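Subject: Two-chain model, handed over

Hi,

Here is the structure you were waiting for. Please open it alongside this email.

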Amino acid sequence: MSAATIPAYARPVWRRVLLSREAAVIALVAVVYLYGYSNIPYFGDTLTLTYILIDMTTILLIALPMTLVIVTGEIDLSIASVVGLSSAVLGLLVRDGVAMPLAVLIALVVGVVCGLFNGFLVAYVGLPSLAVTIGTLALFRGVAVGLLGTEAVTDFPTSWTEQTSRIIGSTGIPTFMLVFAALAAVFIALLHFSPFGRGIYDIGLSTEAAEFSGVNVQRTKLILFVLTGTVAALAGIFYTLRFGSARGDNATGLELQVIAAVLLGGVSIFGGKGKLPGVIAGVLLIGVISSALRLEGVTVNVINIIIGLLLVLSVLSTSFLTWISDSVSRTKRSTSSH
Amino acid sequence: MVSPAQAALRLSDVSKSFGPVVALRSGSLEVAAGSIHALVGENGAGKSTLVKIVAGVHRRDGGVFELDGQAADFGSTAESKAAGVAVIYQEPTLFPDLSVTENIFMGRQILGRMRRIDKAAMYAEAERLFAGLGVHIDPRRPALGLSIADQQIIEIAKAISLDAKVLIMDEPTAALSGVEVERLFTVARQLRDEGRALVFISHRFDEVFELCDTVTVMRDGSYIATRPIAGTSVAEMVALMVGREVAELFPKQEAELGEVVLEVTGLESTGVFHDISFSVRRGEIVGLAGLVGAGRSEIARAVFGVDPYEAGRVTMKGVAVPAKNPRAAIRAGMAFIPEDRRKQGLVTEASVAQNVAGVIRRGLARTGLLTRGAENRAVGPWAARLEVKTSALDAPARTMSGGNQQKVVIAKWLATEPDLLIIDEPTRGIDVGTKAEVHRLLSELAGQGLAVLMISSELPEVLGMADRVLVISEGRLTADLSRAEATPERVMHAATHGSQEVA
């Protein structure tokens with residue numbers, strides 16, 4: 001009945017963990033942080049940490065569901081416009097005297113609806129997500145700007161706006177990070193510790209094979225687009241409260257920053273590969289490097305050039321690392337068989 | 001035997017390694033002009049590497065390679081083509097949006113005045129080529145939508161227009177129907193009579209015996225033997241290939257038939273299949289025979305719910321199974337091993353463990369969380385039971401041979417403990433040794449009470465394995481034959497004539 005048992009893993013645990021892409025990104029964050037801590041004035045201050053985290057919060061939030069979408073091989077370019085739209089809706093409702101909790105809830109629902117719209121067109125009509133979300137990028141932004149025009153709503157209750165800059169004790173970590181941590185835990189469980197998450201990878205690697213194994217491809221994709229829409233709306237609410245200003249053109253161009261961070265974190269744009277811890281480290285890496293360079297007096301344009309180069313290098317290094325690990329295992333296989 | 005002087009193609013003691021991996025130890029092949037030479041061997045025997053050396057894809061490390069007595073050494077496929085070598089692959093790669101003619105003359109278009117492409121001359125030449133081959137293909141139509149058989153004919157036409165002296169056909173019949181195979185054979189014999197040398201690679205022995213005059217057997221990267229077809233037998237060839245006698249290729253044991261598991265009534269899909277009714281019992285293997293394109297796979301896909309159907313019903317153990325819902329079919333106890341292993345059966349980039357856990361993982365998530373450890377524990381016994389040959393469970397499926405990949409797919413579905421196993425072309429592209437293993441396994445499973453619906457284009461497989469043979473012709477069920485009634489003649493008659501033998 002049963003023959004020799006097959007080992008579960010080809011490589012020992014330390015090699016699997018330490019030589020992973022995720023470990024490299026996390027190590028890089030630590031290296032840059034420690035370098036800055038001891039060499040750059042003010043970088044070690046808790047205030048700097050607070051600013052890095054507050055600045056990166058919107059990207060951190062949206063990168064979570066975006067990772068899942070990209071792992072299926074799809075993409076959502078409309079998220080920055082959803083941020084703008086939820087911001088505009090929130091502003092409009094508050095200006096008209098709607099109570100804050102209800103206004104926030106409605107702004108979230110707007111995100112759900114945006115996600116349903118994208119998801120329906122991609123999953124059930126079968127249109128390519130790149131085309132659909134380029135369309136809705138313009139559509140949602142157009143509606144957002146149409147709702148508020150060029151005005152900005154700024155009369156948000158301070159009891160709400162303060163929340164965005166509150167920090168936990170003397171750690172320098174913003175309290176809102178707890179919301180992110182909770183969401184991150186949920187998304188990590190969803191992607192890495194659930195049958196649903198395994199299905200996400202299968203879809204990204206081979207949609208047809210996933211379908212033949214009973215993965216509900218359409219429903220999975222719909223759910224993921226609804227998740228990006230909803231989390232983008234949440235990020236929009238945070239963004240609005242943090243700046244105390246609701247504008248239709250809030251967060252323009254954010255989608256490319258999110259996607260850049262996701263790719264930097266080791267997710268393949270072709271789908272099927274990548275892990276959330278790597279993505280979170282990828283976002284933090286961008287935050288830490290930008291902050292360090294800014295404190296060193298480097299201008300924004302130069303920072304952008306450096307981040308761009310880093311992204312290109314990271315994509316290159318992935319191919320390079322794959323090549324190395326392939327040739328190492330090939331050599332090992334042949335020497336052990338001889 | 002052929003003397004070296006008159007051999008159109010001669011390889012002797014050719015070797016090739018990729019880094020430290022030896023793909024070809026000592027390959028030898030000698031093909032005379034005006035001959036069809038079969039090259040057989042299990043997967044991994046080195047046939048493909050040998051062919052790729054002749055085609056100029058790889059450069060050999062050592063040994064002799066001669067064309068028409070002249071030493072040859074190709075650094076690119078262009079060089080081999082120029083020297084008169086053409087390779088026709090199992091699935092040709094044509095440009096789908098270009099016309100048939102443009103495909104034939106790709107890269108060497110006939111030019112008219114002012115170096116303008118002379119389409120009229122190209123069409124005329126294409127028509128002449130097709131007429132010479134005795135086939136009817138419109139040279140002006142786009143390649144898109146052509147059957148694989150027609151695409152191969154276009155590759156052959158291209159080879160002839162290049163005046164290829166040596167034609168190598170790598171498993172050309174794997175995806176062809178009976179009629180198409182016949183047409184290909186007619187063309188091949190004609191090319192032979194024109195004095196060209198043909199090499200025919202196939203896993204189907206009946207075809208080798210029908211078409212070829214000489215056979216060379218390879219095993220483990222080495223030349224084993226060359227025999228005239230007239231003086232050899234299937235048993236001898238198999239023994240040479242596997243290095244041992246395979247007693248029984250299709251060992252179906254008698255099994256006690258139990259209650260009806262799958263019942264299909266009046267299944268209908270416009271233009272695909274019509275009024276299909278049949279049932280499969282516990283312990284029974286039902287073979288679904290017919291020509292490629294007759295609608296067999298489509299019926300199986302509809303039953304499993306991957307494809308929709310318009311009318312009719314499917315029940316499992318008396319309970320209706322909803323249409324177009326693979327998950328419901330799986331819950332009802334169905335398992336489906338599709339025809340295209342690499343695209344549909346497996347996620348080739350995923351690991352063995354991920355593939356085997358592919359369906360059962362929904363049940364493994366205790367407390368809602370699923371861990372690698374739980375998957376590995378669940379998967380290990382199945383991989384071991386099927387003797388999947390892999391270094392570790394986290395090795396990607398793409399690194400494995402076709403036979404091992406098929407074992408992974410089978411393990412994935414057996415892990416669901418199904419009542420019905422639908423298996424489409426169980427042994428396509430699998431070497432002889434693994435083939436026998438798969439057959440033994442199916443028989444064993446049926447013996448344990450599994451109902452099996454098996455689709456196969458290999459008649460010996462159907463006749464050897466099935467308790468009952470259903471024949472599909474042009475989307476209709478044209479025969480329902482018991483094991484005793486099912487002779488090759490009756491099955492082929494029902495498959496090609498479409499007459500209603502048994503309703």
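Below is what came out of it, starting with confidence and ending with the packing.

**Confidence**

This is a predicted model. The predictor gives the complex an ipTM of 0.85 and a pTM of 0.78. Chain B has an average pLDDT of 87, and 95% of its residues score at least 70. Two stretches of chain B need care. Over residues 1–5 of chain B, pLDDT stays under 50. The model has five contacts beyond four places in sequence for that stretch. Residues 499–503 of chain B also stay under 50, with seven contacts beyond four places in sequence. Where pLDDT is low, predicted coordinates should not be read in detail.

**Chain A**

Chain A has 14 helices and zero strands. Its radius of gyration is 22 Å, close to the 20 Å that the globule rule gives for 338 residues, so chain A is as compact as a globular protein of that length. Along the principal axes, its C-alpha atoms fill a box of roughly 80 × 55 × 35 Å. Of the 338 residues in chain A, 44% are buried. Take the contacts in chain A with a separation of 6 or more: 77% of them join residues 24 or more positions apart.

**Where A meets B**

The contact draws 30 residues from chain A and 41 residues from chain B. On the chain A side, α9 (195–205), α10 (207–212) and α14 (300–337) each supply at least two residues. The largest share of that side, five residues, comes from α9(A). By type, the chain A side divides into 15 nonpolar, 10 polar and five charged residues.

**A closer look at α9(A)**

How many residues of α9(A) are buried? The count is 11 of the 11, so α9(A) is largely enclosed by the rest of the structure. Among the buried residues are A:Phe196, A:Arg198, A:Tyr201 and A:Asp202. What do the buried residues of α9(A) pack against? In chain A, they pack against α3 (46–71), α8 (176–192), α10 and α11 (217–243). In chain B, they pack against α12 (352–356) and α13 (361–364).

**Domains of chain B**

Chain B is divided into three pieces:

- domain 1 covers 4–94 + 146–242
- domain 2 covers 249–333 + 418–503
- domain 3 covers 348–413

The C-alpha centres of domain 1 of chain B and domain 2 of chain B lie 34 Å apart. The two domains do touch: 12 residues of domain 1 are in contact with 11 residues of domain 2. On the domain 1 side, α6 (178–193) and α8 (234–242) of chain B each supply at least two residues. The largest share of that side, three residues, comes from α8(B). The domain 1 side divides into seven nonpolar, three polar and two charged residues.

**The nonpolar core**

In soluble globular proteins, nonpolar side chains tend to be buried together. The largest nonpolar core here has 252 residues. Which of its residues touch the most other members? They are A:Ala63, B:Leu420, B:Ile422 and B:Val452.

Best wishes

Definitions and conventions: Residues are numbered from 1 along each chain as its sequence is written. Chains are lettered from A and ligands numbered from 1 in the order in which they are written. Helices (H or I, at least four residues) and strands (E, at least two) are DSSP runs, numbered from the N terminus. Ala, Val, Leu, Ile, Met, Phe, Trp, Tyr, Cys and Pro count as nonpolar, Asp, Glu, Lys and Arg as charged, and the others, Gly among them, as polar. Domain bounds come from an automatic or database domain assignment. pLDDT is the predictor's confidence in each residue, from 0 to 100. The radius of gyration is taken over C-alpha atoms; the globule rule is 2.2 Å times the number of residues to the power 0.38. A residue is buried if 20 or more other C-beta atoms lie within 10 Å of its own, exposed if 12 or fewer, and partly exposed in between; C-beta atoms are placed from the backbone. A nonpolar core is a set of buried Ala, Val, Leu, Ile, Met, Phe, Trp, Tyr and Cys residues joined through C-beta atoms within 7 Å.
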